[in-house]
Amino acid sequence: MKLLKILPIALVSVSLYAITPFANFDKNNDGVVTEDEFYATQGENMSQRAEQGKMMKNASNAPAFTDIDANNDGEISPDELKDFQYNRMMNNKGKGTNR
Ligand SMILES: [Ca+2]
Ligand SMILES: [Ca+2]
């Protein structure tokens, strides 16, 4: 039953970004996420998981700020985050890992 071992990893990598709400990223509540806020939140998520003893197998898969900032204005809007999370979910479902 290899599937049982693979599944939790897939769930973790999806949940990390699919479930993190915009408000978690937007530390100062100004309605946009800056690069600093983005990486600060990402760092918190990763260190939390490291503390729980789950090393980040998917750390290298972590999205870059520029992946989410679709219009390259240096800020992530709620829509940009939503689109990114949606696309990521679709990619995970449809293609799986094809590296
Ligand atoms: Ca902000
Ligand atoms: Ca933007």
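**Notes on a predicted model**

1. Start with Phe22. Phe22 sits in helix α2. This is a predicted model, so every value below is computed. Phe22 counts as partly exposed, because 17 C-beta neighbours lie inside 10 Å, and a buried residue needs 20 or more.

2. Which residues does Phe22 touch, leaving out those up to four places away in sequence? They are Pro78 and Leu81. Look also at Lys82. Phe22 and Lys82 are 60 residues apart along the chain. Their C-alpha atoms are separated by 8.3 Å.

3. Now step back to the whole chain. The protein has five helices and two strands. From the N terminus, the order is α-α-β-α-α-β-α. Find each element in the 3D view before reading on.

4. Two totals describe the protein. Of its 99 residues, 8% are buried. Take the contacts between residues at least 6 apart in sequence: 52% of these join residues at least 24 apart.

5. Next, find helix α3. Helix α3 covers residues 35-51. Its length can be checked. The helix has 17 residues, and at 1.5 Å a residue it should span 24 Å. After α3 comes Gly53, with a positive phi near 85 degrees.

6. Phe38 belongs to α3. Is Phe38 buried or exposed? Phe38 is buried, because 22 other C-beta atoms lie within 10 Å, and 20 or more are required.

7. What does Phe38 touch, not counting residues up to four places away in sequence? Its contacts are Phe25, Val33, Phe65 and Ile76. Lys27 and Phe38 are 11 residues apart in sequence, and 9.0 Å apart from C-alpha to C-alpha.

8. Leaving aside neighbours within four places in sequence, Phe25 is in contact with Thr20, Val33, Glu37, Phe38 and Thr41.

9. Which residues form the largest nonpolar core? The core has six: Phe25, Val33, Phe38, Ile68, Ile76 and Leu81. In soluble globular proteins, nonpolar side chains tend to be buried together. Leu81 ties back to the opening point, as Phe22 touches Leu81.

10. Asn29 has a backbone angle to check. Asn29 is not a glycine, yet its phi is positive, at about 55 degrees. Where is Asn29? Asn29 lies in the loop between α2 (22-25) and β1 (33-34). Asn29 counts as exposed, because 6 C-beta neighbours lie inside 10 Å, and the limit for exposed is 12 or fewer.

11. Asn72 should be checked next. Asn72 has a positive phi of about 55 degrees, although Asn72 is not a glycine. The loop between α4 (65-68) and β2 (75-76) holds Asn72. Asn72 is exposed, because 7 other C-beta atoms lie within 10 Å.

Conventions:
Residues numbered from 1 in each chain as written. Chains lettered and ligands numbered in written order. Predicted model: local features only at pLDDT ≥ 70, side-chain atom pairs only at ≥ 80, totals over all residues. Helix = DSSP H or I, 4+ residues; strand = E, 2+ residues; numbered from the N terminus. Contact = placed C-beta atoms within 7 Å. Core = buried A, V, L, I, M, F, W, Y, C linked by C-beta atoms within 7 Å. Expected span 1.5 Å × (residues − 1).
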